[in-house]
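Grab a pencil and work through these exercises with the viewer open. Try each task before you read its solution.

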Amino acid sequence: MSDLSRFPDLPEKMDALIASARRCFDLRLQTNAGGNLSMRLATGDAIVIKPSGVGFAECTRDNLQVVLLDGTVLSSSHKPSKDLGFHLDLYRIRPDINAIVHCHSPWATGYASAGIEIPCLTVQTIEKIGRMPLIPLSAAGGPQTEEDISPVFRDPSICAAVLANHGTIGVGKTIMAAQYLAEIIEETAQIAFLRDTLLTTHSKATVSLPRFGTAADATSSN
Ligand SMILES: [Zn+2]
């Protein structure tokens with residue numbers, strides 16, 4: 001067992017990660033043992049992350065792993081997550097990232113499986129995210145790795161992305177910032193689906209939005 005005493009913020013970070021994982025599970029952003037989330041520790045050279053085979057609702061101080069940025073797993077009886085590589089690489093290339101929440105949330109993953117980029121429709125999404133690139137499967141056709149994901153996040157303005165046939169990634173300075181992005185991505189996918197369904201139902205090819213006030217105001221002023 002490695003000495004973890006050089007990470008004085010570890011218990012606090014573990015508790016924050018456990019709370020975020022529970023919130024994702026309760027919101028149905030991530031059920032089963034998929035997805036992953038992690039946080040950078042204050043020393044800057046290590047992260048705490050969920051291991052393979054542990055569900056978001058089952059994260060505890062005893063099963064979370066501490067991993068150095070060079071990939072060394074410091075203490076764990078669990079297998080490292082398949083997603084460990086891209087989490088580590090995002091922390092290496094983006095010093096501004098302190099937390100990552102990666103979920104297989106159903107609405108967003110529906111868009112990702114249809115090969116459709118989720119449009120940033122609402123004022124909130126435009127302000128908080130701006131662009132949400134859709135990252136294709138790996139060259140071999142399998143799940144995305146750091147080779148596919150890191151080039152997108154080298155752009156410091158990117159804080160969220162969607163993985164084709166897979167899920168979502170939100171990154172932030174804090175775990176709550178990354179958590180909120182996971183929620184906004186999913187919410188935006190639902191709104192986009194509703195918008196497109198309504199346009200189809202009403203045989204509208206384009207959106208006609210009021211320029212001010214409510215739709216009724218705009219109609220009455222015409
Ligand atoms: Zn995944």
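**Exercise 1.** Over residues 15-193, what percentage of the chain is helix and what percentage is strand, and how far apart are the end C-alpha atoms?

Solution. Keep in mind that this is a predicted model. Start with where the stretch comes from: an unreviewed UniProt entry places the domain "Class II aldolase/adducin N-terminal" at residues 15-193. Next, the make-up: over that stretch the chain is 36% helix and 18% strand. Last, the ends: their C-alpha atoms sit 35 Å apart.

**Exercise 2.** Work out how strand 2 (residues 46-49) sits between its partners.

Solution. Begin with strand 1 (residues 36-40), which runs antiparallel to strand 2 and is joined to it by three bridges. Here R40 stands opposite I47. Five residues lie between these two strands in their hairpin, where G44 takes a positive phi near 85°. Now look at strand 3 (residues 65-68): four bridges join it to strand 2, again antiparallel. This time I47 stands opposite V67. Finally, check the side chains: A46 and V48 point one way, I47 and I49 point the other way, and all are buried.

**Exercise 3.** Describe how helix 3 (residues 106-114) meets helix 6 (residues 175-201).

Solution. First the geometry: the helices pack at an angle of about 65°, with axes 7 Å apart, and the crossing is left-handed. Then list who touches: helix 3 brings W107, A108, G110 and Y111, while helix 6 brings I185, E186, A189, Q190 and F193. Now sort those contact residues by type: six are nonpolar, two polar and one charged.

Definitions and conventions
Residues numbered from 1 in each chain as written. Predicted model: local features only at pLDDT ≥ 70, side-chain atom pairs only at ≥ 80, totals over all residues. UniProt positions renumbered as here; feature names shortened; annotations may be inferred. Axes fitted to C-alpha atoms, helices over the stretch in contact; angles between N-to-C directions. Left-handed = near helix turned anticlockwise from the far one by under 90°. Contact = placed C-beta atoms within 7 Å. Nonpolar A, V, L, I, M, F, W, Y, C, P; charged D, E, K, R; others polar. Buried ≥ 20, exposed ≤ 12 C-beta atoms within 10 Å, placed from the backbone. Pairing = 2+ DSSP bridges.
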